[in-house]
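Please look at the sequence and the 3D structure shown below, and keep both in view while reading the report that follows.

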Amino acid sequence: VDDQLANLTGHVIVCGHGRMGRIVCAELDRQKRWFVLVEKAAELLDRPPYRHCLPVPGDATADDLLRKVGVERAKALITVVGSDSDN
């Protein structure tokens, strides 16, 4: 996964895989857009049903994790975590 992340550009980063995160991910996948799904609860990333997704467990509020998933090369960042302050 690290090699794939290093080569990814123009992708979307989705932070959170709750109710809204699932809707966003399903739409991105339907559009065949590559996206990175960042989720703190690793069990929510078990076999995500998306073809164009790279799941990454971790805290999306951590700058080092955002750099790891290519925030500098991403086209968009969508935050749909449960807390307004974290968003």
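Among contacts in the protein chain between residues at least 6 apart in sequence, what percentage join residues at least 24 apart? The share is 45%, counted over contacts between residues at least 6 apart in sequence, where contact means heavy atoms within 4.5 Å.

This is a predicted model, in which local features need pLDDT of at least 70 and side-chain atom pairs count only at pLDDT 80 or more, while totals for chains, interfaces and linings use all residues. Residues are numbered from 1 along each chain as its sequence is written, and side-chain values use heavy atoms, with hydrogens and water left out.

**The chain as a whole**

The protein chain contains 3 helices and 4 strands, and reading along the sequence gives the pattern α-β-α-β-β-α-β. Helices (H or I, at least four residues) and strands (E, at least two) are DSSP runs, numbered from the N terminus. Along the principal axes, the C-alpha atoms of the chain fill a box of roughly 30 × 30 × 20 Å. The radius of gyration of the protein chain is 12 Å, which agrees with the value near 12 Å that a compact globule of 87 residues would have; the radius is taken over C-alpha atoms, and the globule rule is 2.2 Å times the number of residues to the power 0.38.

Of the 87 residues, 37% count as buried, where buried means under 20% relative accessible area, exposed over 50%, and partly exposed in between (1.4 Å probe, protein chains only). The accessible surface of the protein chain comes to about 5,400 Å², and 49% of this surface belongs to carbon and sulfur atoms; such areas come from the Shrake-Rupley method with a 1.4 Å probe, and for residues only the protein chains shown count as cover.

| Residue | Relative accessibility |
|---|---|
| H17 | 4% |
| D29 | 14% |
| C15 | 3% |

C15 lies in strand β1, and its C-alpha is 5.9 Å from that of V80, although C15 and V80 are 65 residues apart in sequence. When neighbours within four places in sequence are left aside, C15 is in contact with several residues, including V38, A60 and V80.

H17 is found in the loop between β1 (12-15) and α2 (19-30). Its side chain is joined to that of Y50 by a polar contact of 2.9 Å, a term for a pair of N or O atoms within 3.5 Å; within protein, one must be able to donate a hydrogen and the other to accept it, and residues adjacent in sequence count only if both atoms are side-chain atoms. Beyond four places in sequence, the residues in contact with H17 include R22, C25 and Y50.

D29 is found in helix α2, and residues up to four places away in sequence not being counted, D29 touches F35, P49, Y50, R51 and H52. D29 and C15 are 14 residues apart in sequence, and 15 Å separates their C-alpha atoms in space.

**Two exposed loop residues**

K32, in the loop between α2 and β2 (35-39), has a positive phi of about 60° although it is not a glycine, and K32 counts as exposed at 63% relative accessibility. R47, in the loop between β2 and β3 (53-57), has a positive phi of about 45° although it is not a glycine, and R47 counts as exposed at 79% relative accessibility.
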